[in-house]
Amino acid sequence: MQGVELNQSNIRGGVNMIHRAHKSFFVITLIIFSVALFLHPANKVIKNTDPGLRLKWYAEHVAMKENSMFKTLPWQFLGPVNVSGRMTDVEVVYPKGKNYTIYVAGASGGVWKTENEGTTWDPVFENKASTSIGDIAIAPSDQKTIWVGTGEANIYRSSQTGAGIYKSADGGKTWKHMGLTDTNTISRIIIHPKNPDIVYVAASGHEWTDNTKRGLYKTIDGGKHWRNIKYINGRTGAIDLVMDPAHPDTLYVSFWQRIRRKWNDPRIEKGYKWTGLYRTDNGGRDWTPINKGLPEAKHRGRIGIDLCRSKPNVIYAFVDNYEKIGDWDSADEMDSYGRPKEGKIKGATVYRSDNKGSSWRQVSKNNEYMQNLSNTYGWVFGQMRVDPNNENKIYVMGLALNVSDNGGKTFKRLPGMHGDHHGLWIDPDNSNYLVNVNDGGLAISYDGGNKFRTFPDNLPLVQFFNVMYDMGTPFRVYGSVQDHGSFKAFVDLSKGRFNIPAQKWENAPGGEGSNHAIDPTDTNTVYSAGFYGTLMRTDIKNDDTKIIVPKRAKGEERYRGQWLAPFLLSPHDPNVIYHGMNFIFKSTDKGESWKKISPDLSYNKTSMKGDIPYQTIFSISESPLKQGIIYAGTDDGRVWLTVNDGKKWKEITGKLPYRKWISRIIASRYDLGTVYLTQNGKREDDFTPYMWRSTNFGKTWESVVSNIPSGPVNVIREDPTNKNILYAGTDFGVYVSLNLGKEWHALMKDLPTTYIQDLVIHPKADILIAATHGRGMYALDVRYIKEMAKTGFGKDLHLFKPECAKLPKWRMWYWEGTKPGNFGFWLNKDAKVKIEISGPDGKTIRTIRSDGVKGFNFVRWDLKPDNPKRRDPFVKPGEYRVDLSVDDFSSNNIIEVKK
């Protein structure tokens with residue numbers, strides 16, 4: 001029987017209050033585990049975290065950042081600096097010529113601002129309860145007033161949940177949360193042209209669950225109070241909104257009935273009838289349906305709308321039309337991702353009204369161009385714009401940016417940009433000036449779309465799905481990027497571990513959703529799996545790729561593989577591969593042949609089989625201590641163990657929260673029976689943190705969440721050399737525990753609040769790599785964490801062994817190649833510190849004073865004495881003594897300065 005779903009707001013709060021209690025770890029663990037078992041009866045799904053709890057948890061996360069003992073230990077951005085990422089909206093301060101300010105909305109990378117038309121960009125919204133952005137709006141009467149609605153309304157599989165709406169009164173310098181937390185996605189914000197306190201917000205609502213906090217909202221007091229002025233039901237939200245600029249009480253709103261399921265995209269379902277358009281002429285007091293001439297309600301998908309500013313009676317509707325028009329030539333016809341295609345539908349269809357929506361007529365043709373405009377993913381797009389000065393020139397956004405000069409009869413694609421388009425701004429004073437956003441970033445045209453200027457090198461909003469390293473020197477990292485494919489780059493430590501440069505990344509084997517594994521004995525052999533389990537082996541030296549996916553037997557049901565299908569090279573033999581679909585397969589010859597070694601490990605429910613593979617294996621781990629001990633976790637919440645290489649499997653799910661996505665399972669490298677597991681409740685709009693450890697092969701589980709305030713949790717990792725150190729990545733950031741999860745510390749210096757999709761620790765370099773879904777990749781030197789875990793925290797101060805420094809070389813007009821001295825030290829309290837650097841003769845050559853904080857500290861020495869000479873300002877090569885003193889305590893160490 002399919003599980004009954006429980007609302008979380010009433011029953012999860014108790015567990016999370018306990019998670020936050022400051023009591024002994026063992027008492028907390030016992031209570032949490034007992035309560036969790038009590039509150040997770042069999043076949044119950046917990047969903048919908050209370051919005052007040054979510055804000056409370058974010059505040060606790062901020063407090064952890066501010067009080068962390070590692071709050072000054074810096075992350076370093078790795079890039080890519082040659083790739084941008086998905087954006088959802090763009091707003092421009094006008095009039096152009098007097099202003100060059102643009103704001104862009106990252107789908108999961110916050111809001112960025114330029115004041116010089118893209119020469120440089122600055123993040124202005126990167127540390128909030130959500131950095132997934134649905135829409136931006138600038139008040140026409142006060143362009144310092146900016147509104148940001150969080151929660152991407154396009155609801156990709158990787159879209160992140162919003163946390164309401166924010167307002168800035170100073171052009172993005174400061175922000176204030178203005179409510180609507182439980183809307184989760186916000187699709188459009190419209191501000192009254194003369195009164196900036198009157199604001200309308202179209203809320204499309206929860207992505208994965210039904211909820212009542214969707215619809216159209218209005219405030220008349222600048223966001224102090226909100227009223228829902230148009231609500232239909234718990235599955236139908238407001239997806240687009242336009243205002244008549246001449247009559248601001250006249251508004252048009254598009255409502256969309258939809259839900260995303262784990263096994264289906266958010267398309268039309270049987271019985272859907274509520275998608276449609278409405279108009280008000282009195283600011284939202286009364287509404288009139290305006291659907292005459294549009295497709296029948298049962299065929300209406302997402303609808304985008306816009307009007308012509310100079311002729312506001314002219315309105316267009318861009319409809320994702322599900323009316324079936326035929327079948328494909330072959331039953332085996334596949335879509336772009338290798339999935340069987342359904343019947344042919346009209347797809348992208350454009351309608352026009354010349355009477356304020358009272359009646360509509362189709363203006364676009366039913367042809368292959370329109371069918372392919374959005375492909376089968378019309379629910380992702382739905383944006384259109386009308387030229388403000390020409391009612392017959394319109395733009396519709398799909399896989400490309402398409403323009404029509406004849407009122408929608410015919411279209412052409414505009415070149416020079418990345419694909420998948422989500423926003424467009426047209427200068428009302430000059431229709432040739434266009435600013436577009438898409439899955440590859442921002443594009444500006446000055447000539448009506450003939451040419452576009454793009455910004456791949458200074459808007460780093462890259463959405464990584466994962467990260468893996470090789471064992472080369474220097475080592476590379478690999479990752480797959482949403483809508484871009486897979487990339488690789490060296491981690492360059494040559495200028496010092498605190499001076500790792502961001503750099504351009506190169507294409508790598510794999511697609512946009514590919515896990516990677518690199519043969520530890522041959523860095524040229526790279527395995528990648530993506531697009532629902534398609535596994536490949538690539539010799540990157542010879543640019544030779546071979547598909548090695550397991551073949552199904554004749555008549556056997558198609559294997560189900562996740563978007564990020566898991567596989568691993570055995571830690572005992574790199575020729576052995578384990579690959580997870582709904583079954584686990586094993587190869588002993590690098591994928592040349594395969595053997596199925598498990599039954600279907602999912603629940604395999606017919607009711608949960610759709611156009612997206614679900615009920616699949618999502619995480620696999622083999623014990624590094626003993627070959628053939630393998631753990632597997634599924635996306636539908638089952639956990640399995642075999643101790644004999646697949647001959648026999650035992651389910652060890654026990655009373656873990658039911659049907660929660662197993663986001664990671666890790667067999668311990670230190671204890672044979674120990675395994676770590678994380679669960680992710682995102683797909684039930686459940687933001688509870690779930691992290692577990694078993695020390696008896698999964699017979700029982702204990703929570704290791706401790707003081708981590710919020711989920712979803714995406715990954716947990718053991719340190720490669722210290723069994724007591726654990727790292728965790730959530731939708732808020734990265735945490736570290738030095739005592740097996742009894743207490744966690746935030747690792748957030750120079751890391752924006754972003755979605756940590758994956759973490760790895762290079763075992764030789766001691767570098768932690770974080771793959772974020774929205775802000776690229778970051779690196780952190782973890783040697784100091786590891787040393788503190790060894791030495792403990794009893795000392796008043798401790799100076800870590802400095803890395804070797806290197807003097808620069810004179811290059812005609814400047815010094816080049818400095819590798820400065822970096823001093824890391826630990827304090828048990830806030831204090832003023834003095835660092836004295838002495839030469840071989842024992843004389844002090846440099847004194848540095850600093851305000852130290854409790855915890856880890858970091859000071860840089862430029863390799864100059866106190867009174868440097870003009871022509872030769874640096875010290876000589878050699879060893880220098882470093883003395884750190886605080887009050888009556890001191891610590892010392894040696895730094896080597898090389899030529």
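1. Salt bridges first: the whole structure holds 50 of them, counting a side-chain nitrogen of Lys or Arg within 4 Å of a carboxyl oxygen of Asp or Glu. Please keep in mind that this is a predicted model, where local features need pLDDT of at least 70, side-chain atom pairs count only at pLDDT 80 or more, and totals for chains, interfaces and linings use all residues. Residues are numbered from 1 along each chain as its sequence is written, and side-chain values use heavy atoms, leaving out hydrogens and water.

2. D210 pairs with R235, with 2.8 Å between the closest N and O atoms. Strands here are DSSP runs of E, at least two residues, and helices are runs of H or I, at least four, numbered from the N terminus.

3. Have a look at the open sheet of 4 strands, ordered β20-β21-β22-β23 with antiparallel pairing; two strands pair if DSSP finds at least two bridges between them. Its edge strands are β20 (300-307) and β23 (361-362). β23 pairs with β22 (residues 344-353) over 2 bridges, and R352 has R361 as its bridge partner.

4. Within that topic, K346 of β22 and E323 of β21 (residues 315-326) tie together parts 23 residues apart in sequence, through a salt bridge of 3.3 Å, N to O. K346 is buried at 15% relative accessible area, while E323 is partly exposed at 29% (buried is under 20%, exposed over 50%, partly exposed in between, with a 1.4 Å probe and protein chains only).
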